[in-house]
Amino acid sequence: DQRAKLEEYSGTKPYLFIVTHNFVTMPVLPDGLMDSQDESSIHLPRHMLARGHNTTFALQVLEMHAFLGQGVLVTIHAEPNGAIDGVFQRVRHEPSLMLRGSDFVYYLIADALCDSNFPVLEQLSNLLDDLEGAILQTNSPDTGGKGVLTRRRAPDDELKLSIYSLRKTLVRMRRAISPQRDVMGALFRHGGSPCIAERTAPYFR
């Protein structure tokens, strides 16, 4: 995997080489379809299964390479990416978008990749809510069913694993997404260059 970056190549036909990422989640059923040690998996406590959750879902980081020049845009990605496919379908049905230049089409792709992260963030937000509820339930006084305070229950191993996995996932996401702010800023600063038209540059702010 490469970090998000932008490299400029000059010559008779200058172009930009751009690396970006987006995220998708894949449900993993509790029948061993994924190695439990996979760092991209998030394990949920067993009690959450009764609330309709999968015991595990996997975060996948999708990487896209793009070569952007005047009138030229080539994208390369190893895995299918619905966000990119959606933009190309849109451009196919709205040829007028191509008249705005290859740089604008790249902006459409970058925007679609960014939007595709929101469902992932929503899933993680729901997971945080569930973990918070599980932690509060664990830390509530145990009355032993007799109304007499006895002790507080310690978090079980599954809950600890969920917290640990979520932390690793959030760190992984931050490492992948943080450099992309610099990439978008660099694209904005290239406004007026052969690769990024001045009218397109503000879209990358």
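His-65 sits in strand 4, which spans residues 56-69. The model is predicted. The protein chain has 205 residues, of which 37% count as buried. Its secondary structure comprises three helices and seven strands. A search of the whole structure finds two salt bridges. The largest pocket has a volume of about 310 Å³.

**His-65**

- His-65 has a relative accessible area of 17% and is buried, because the cut-off for buried is under 20%.
- The side chain of His-65 makes a polar contact of 2.7 Å with the side chain of Glu-63.
- Ile-18 is 47 residues away from His-65 in sequence, but their C-alpha atoms are 5.7 Å apart in space.
- Beyond its neighbours within four places in sequence, His-65 is in contact with Gln-2, Phe-17, Ile-18, Val-19, Val-74, Thr-75 and Ile-76.

**His-21**

- His-21 belongs to strand 2, and the range of strand 2 is 15-28.
- The relative accessibility of His-21 is 5%, so this residue counts as buried.
- A polar atom of the His-21 side chain lies 2.8 Å from the backbone oxygen of Gln-2.
- Leaving out residues up to four places away in sequence, His-21 touches Gln-2, Arg-3, Ala-4, Val-61, Leu-62, Glu-63, Ala-176, Ile-177 and Gln-180.
- Gln-2 is among the contacts of His-21, and Gln-2 is also among the contacts of His-65.
- Glu-63 is the polar partner of His-65, and Glu-63 is one of the residues that His-21 touches.

**Largest pocket**

- The volume of the largest pocket is about 310 Å³.
- The lining of this pocket has 15 residues, and those closest to the centre are Ala-110, Asp-111, Cys-114, Gln-180 and Met-184.
- Three elements each supply at least two lining residues: strand 2 (15-28), helix 2 (102-139) and helix 3 (157-189).
- Helix 2 gives the most to the lining, with six residues.
- By class, the lining holds eight nonpolar, four polar and three charged residues.
- Gln-180 is one of the residues closest to the pocket centre, and Gln-180 is also touched by His-21.

**Salt bridges**

- Side chains of opposite charge can pair when their charged atoms come close.
- Lys-5 has 27% relative accessibility and counts as partly exposed.
- Glu-7 has 26% relative accessibility and counts as partly exposed.
- Arg-90 and Glu-94 also meet in a salt bridge between side chains, at 3.6 Å from N to O.
- Arg-90 is partly exposed, with a relative accessible area of 41%.
- Glu-94 counts as partly exposed too, at 35% relative accessibility.

- From the N terminus on, the elements run β-β-β-β-β-α-α-β-β-α.
- Of the contacts in the protein chain with a separation of 6 or more, 63% are between residues 24 or more positions apart.
- The pair His-65 and Ile-18, 47 residues apart in sequence, is 5.7 Å apart from C-alpha to C-alpha.

**Leu-99, between helices**

- Leu-99 is placed in the loop between helix 1 (82-93) and helix 2.
- With a relative accessible area of 71%, Leu-99 is exposed, because the cut-off for exposed is over 50%.
- Gly-71 is 28 residues from Leu-99 along the chain, and 9.6 Å separate their C-alpha atoms.

**Gly-191, after helix 3**

- Gly-191 is found in the segment after helix 3.
- Gly-191 has 31% relative accessibility, so this glycine counts as partly exposed.
- Not counting residues up to four places away in sequence, Gly-191 touches Ile-196, Ala-197, Glu-198 and Ala-201.
- The C-alpha atoms of Gly-191 and Phe-204 are separated by 9.5 Å, and the two residues are 13 residues apart along the chain.

Methods. Residues numbered from 1 in each chain as written. Predicted model: local features only at pLDDT ≥ 70, side-chain atom pairs only at ≥ 80, totals over all residues. Heavy atoms only, no water. 1 Å grid on protein atoms, 1.4 Å probe; cavity = no way out; pocket = protein on both sides within 12 Å on 5 of 7 lines; lining within 4 Å. Points joined across faces, edges and corners; volume = space filled by probe spheres on them. Helix = DSSP H or I, 4+ residues; strand = E, 2+ residues; numbered from the N terminus. Nonpolar A, V, L, I, M, F, W, Y, C, P; charged D, E, K, R; others polar. Salt bridge = Lys/Arg side-chain N within 4 Å of Asp/Glu carboxyl O. Buried < 20%, exposed > 50% of the residue type's maximum accessible area, 1.4 Å probe, protein only. Contact = heavy atoms within 4.5 Å. Polar contact = N/O pair within 3.5 Å; in protein donor to acceptor, adjacent residues only side chain to side chain.
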